[in-house]
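Me: I am new to reading structures like this one, and I would like to be taken through its features step by step. Could we look at it together?

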Amino acid sequence: MVREMAGLDEGGPLFAQVAERLAGEIADGGLAEGARVPSTNELAAFYRINPATAAKGINVLADEGLLEKRRGIGMFVAAGARATLLARRRAGFTDRYVQPLLTEATRLGIDADELIGLIKEVSNERGGVAV
Amino acid sequence: MTPAISVTGLTRRYPDQVALDDVHLTIGTETITGLLGRNGAGKTTLLRILAGQEFPSSGSVRVLGSPPAENENVLRRLVLVREDQAYPDFRYPDFKVCHALRAASFCYPNWDAGLASSLLEDFGLRADKAIKSLSRGQRSALGITIGLAARAEVTLFDEPYAGLDAVARQVFYDRLLADYADFPRTVLLSTHLIDEAAALFENVVVIDRGRVVLDTAADGLRGMVTTVSGPVLAVDSFTQGRPVWERRGLGSQASVVIVGQVSGEDRERARSIGLDLTPLSLQQLVVRASGWAAGAGSLTERTSA
């Protein structure tokens, strides 16, 4: 039995997963710029992991300039962090979503025009994203 | 900084076997280390020697900078919770849980009585219960309570949870982490419930047949070995140029175990060509390391590279 770690898994180093989770929260606006980031011990207790592992996760984002340390108080989301993370995500969008979508579509014999049609259809049903 | 534990060339021979065979080990202060290995690998002997309860045949052992054997200055700063912890209940039938805690409070200078009673409560153990009437699991709960409430600079747990159910083990892990966060110390925990405890460890040491076969940062092992399975052509193209541990095939399907982290980009690529990637858990890794010392050696080299 692998212990429940609030969604972390065995797929890679835990510190990298903690960093990714925090980055995700910043990109989604859950952690606003200027907000205090949970402390090492808070993260360790929440994910049920070694505090040194949690600290390493925080340091990844600090090294990238996404978090800044305020002496004696803790870590805070740096100005511009959200924009940086969204730009990074956008850059990865094609590789992460469009390529696999096209691969599977090709396998099923769906061509690009038909695919675009499908996307529009679903988008209209949701009344959401404009294409 | 002086390491909390430093062992060089430690060998312990019994008339019929070698329990520890030229062990070298350094454990840094304020870390939690998992001591892993099969039954009979030498874990208990090592912990007992560290706690001064047994003597090396040869080699040197230093705990908090000094040899632990009969060294009051080391032993009062160290606690060992044994799997088969004995209490004087056979001589004193009225010896109760509260008496064991009282005795422990005299032994350990950092003893926290409040922590001890809150742990008893979490484990559902009454202080006025006679020790001779405790179940196996309750005896383990008492051992863990003493081990944590001692707040000893060096805290050694040897398979501390025989008879404890999953809920009680979760209490142990959570309370250990919480108290460690507030009062960092050096913890060495031997266990065979590896996956359960894996996230607690900063480092892992694997012992097999008296020798250290793996000594590395635990988080670095995660995702270090992956099983790649799917259509044989796709598997071959994906695994080409990567160190391979094992390869199996069945018709047009193949399953290959590769060593090395797989980047997010490669992960996407694998998915797009119809491959399944399954990381080996720490437990699976240790099983392989223990059964195959040579393989473990090469893994250490790769992880440290």
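Reply: What follows is a dialogue on how to read the chains, their elements and their contacts.

Me: What should I keep in mind about the numbering and the kind of model?

Reply: Residues are numbered from 1 along each chain as its sequence is written, while chains are lettered from A and ligands numbered from 1 in the order in which they are written. This is a predicted model, in which local features need pLDDT of at least 70 and side-chain atom pairs count only at pLDDT 80 or more, whereas totals for chains, interfaces and linings use all residues.

Me: How many helices and strands does chain B have?

Reply: Helices (H or I, at least four residues) and strands (E, at least two) are DSSP runs, numbered from the N terminus. By that reading chain B has 12 helices and 13 strands, and its C-alpha atoms fill a box of roughly 70 × 45 × 40 Å along the principal axes. Among contacts in chain B between residues at least 6 apart in sequence, 70% join residues at least 24 apart, where a contact means that the C-beta atoms of two residues, placed from the backbone, lie within 7 Å.

Me: Into which domains is chain B divided?

Reply: Domain bounds come from an automatic or database domain assignment, and for chain B they give domain 1 (5-220) and domain 2 (221-304). The centres of these two domains of chain B, taken over C-alpha atoms, are separated by 34 Å, and 14 residues of domain 1 of chain B are in contact with 14 residues of domain 2 of chain B. On the side of domain 1 of chain B that touches domain 2 of chain B, at least two residues each are supplied by α7, β8 (203-208), β9 (211-217) and α8 of chain B.

Me: How do I read a sheet, and in what order do the strands of the open sheet in chain B stand?

Reply: In a regular strand the side chains alternate between the two faces of the sheet. Two strands pair if DSSP finds at least two bridges between them. In chain B, three strands form an open sheet in the order β2-β1-β4, with antiparallel pairing; its edge strands, each pairing on one side only, are β2 (17-27) and β4 (58-63) of chain B. Strand β1 (residues 5-14) of chain B is joined to β2(B) by seven bridges, and B:V7 stands opposite B:L25 in β2(B).

Me: At what angle do helices α1 and α4 of chain A cross?

Reply: Two packed helices are described by the angle between their axes and the distance between the axes. Axes are lines fitted to C-alpha atoms, for helices over the stretch in contact, and angles run from 0 to 180 degrees between N-to-C directions. The axes of α1 (residues 14-27) and α4 (residues 81-107) of chain A come within 8 Å and cross at roughly 105 degrees. That makes α1(A) roughly perpendicular to α4(A), since angles under 35 degrees count as roughly parallel, over 145 as roughly antiparallel, 65 to 115 as roughly perpendicular and the rest as oblique. In this crossing A:A23, A:I26 and A:A27 of α1(A) meet A:A81, A:R82, A:L85, A:L86 and A:R89 of α4(A).

Me: How many residues of chain B are in contact with chain A?

Reply: 23 residues of chain B are in contact with 24 residues of chain A, and the largest share of the chain B side, five residues, comes from α6(B).
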